[in-house]
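We'll go stop by stop, picking something and looking at what surrounds it.

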Amino acid sequence: MLKMDAPALEAFLRSDFPQVCDEFGIERVDEDGLTVRLRVAERHLRPGGTVSGPSMFGLADVAVYLAILSRIGPVGLSVTTNCSIDFMRKPAAGVDLLCDVHLLKLGRVLAVGDCLIRSEGSDAPVARASLTYSIPPGAV
């Protein structure tokens with residue numbers, strides 16, 4: 001059951017993470033997971049005109065965080081405890097990235113999410129990530 005929809009998640013980002021709220025947009029939130037957009041700008045690029053690895057990591061991290069909050073509510077102290085990311089191909093130049101997240105586990109203490117990141121307009125993944133989050137006691 002969803003506890004936060006897209007407008008609630010975006011409001012949470014604006015209030016608790018104003019430094020990044022303009023970089024990300026929520027495209028879809030449902031029982032299966034969510035899709036988050038990275039609005040690619042010059043600051044996300046590395047030499048060669050491709051999106052940097054740290055920017056893709058940030059997208060995956062924010063996307064899993066929001067997927068968890070969509071299910072448990074606005075628990076700001078949930079934190080990343082592990083991340084593994086595979087970069088598979090160069091993102092398309094000049095387009096946003098989309099991250100599709102599926103929560104594999106949502107327990108009382110840990111949550112595990114799986115991400116596929118792709119360039120907008122393409123189905124081919126540019127990266128795959130798996131993240132584990134620690135949930136504060138009593139949040140679930």
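The tour below starts with the sheet, moves to the helices and ends among the charged side chains.

**Before you click**

This is a predicted model, where local features need pLDDT of at least 70 and side-chain atom pairs count only at pLDDT 80 or more, while totals for chains, interfaces and linings use all residues. Residues are numbered from 1 along each chain as its sequence is written, and side-chain values use heavy atoms, with hydrogens and water left out.

**Stop 1: the sheet**

Select the strands β1, β2, β6, β7, β8 and β5, in that order: they make an open sheet of 6 strands with antiparallel pairing. Strands here are DSSP runs of E with at least two residues, helices are runs of H or I with at least four residues, and both are numbered from the N terminus. Two strands count as paired if DSSP finds at least two bridges between them.

Look at the edges next. β1 and β5 each have a single partner strand, so one side of each has no neighbour in the sheet. On average, neighbouring strands of this sheet are turned by 20° against each other, direction ignored. (Axes are lines fitted to C-alpha atoms, for helices over the stretch in contact, and angles run from 0 to 180 degrees between N-to-C directions.)

Pick C83 and you'll find L131 of β8 opposite.

**Stop 2**

Now go to β2. Along with β1, β2 forms a hairpin with 2 residues between the strands.

Which way do the side chains of β2 point? G33, T35 and R37 go one way and L34, V36 and L38 the other way, and all are buried. Buried means under 20% relative accessible area, exposed means over 50%, and partly exposed is in between (1.4 Å probe, protein chains only).

**Stop 3: the helices**

Select residues 6–16 for helix α1, which lies across β1 and β2 at about 145° to β1. Then take residues 53–72, helix α2: its 20 residues reach 29 Å from first C-alpha to last, close to the 28 Å expected at 1.5 Å a residue. (That expected span is 1.5 Å times one less than the number of residues.)

α2 lies across β1, β2, β5, β6, β7 and β8, running at about 45° to β6. Of the 20 residues of α2, 16 are buried, so the helix is largely enclosed by the rest of the structure. Step just past α2 and you reach G73, which takes a positive phi of about 95°.

**Stop 4: salt bridges**

Side chains of opposite charge can pair when their charged atoms come close. How many salt bridges does a search of the whole structure find? There are 9, counting a side-chain nitrogen of Lys or Arg within 4 Å of a carboxyl oxygen of Asp or Glu.

Start with D30 and R28, whose closest N and O atoms are 2.9 Å apart. Next, show R71 and E31, with their closest N and O atoms 3.8 Å apart. R71 lies in helix α2 and E31 in the loop between β1 and β2, so this pair ties together parts that are 40 residues apart in sequence.

**Stop 5: the network around D96**

Select E27, R37, D96 and E120, which are linked in a network of salt bridges. Within this group, E120 and R37 come to 3.0 Å at their closest N and O atoms. E120 is in the loop between β7 and β8 and R37 is in strand β2, so the pair ties together parts 83 residues apart in sequence. E120 is partly exposed at 37% relative accessible area, whereas R37 counts as buried at 12%.

Now centre on D96, in the loop between β5 and β6. Is D96 buried or exposed? D96 is buried, at 17% relative accessible area. A polar atom of the D96 side chain lies 3.1 Å from the backbone nitrogen of V40. Leaving aside neighbours within four places in sequence, the contacts of D96 (heavy atoms within 4.5 Å) include L38, R39, R118 and S119.

Last stop: G94, also in the loop between β5 and β6, but exposed at 79% relative accessible area. Draw a C-alpha to C-alpha distance from G94 to G121 and you get 11 Å, across 27 residues of sequence.

Terms used. Polar contact = N/O pair within 3.5 Å; in protein donor to acceptor, adjacent residues only side chain to side chain.
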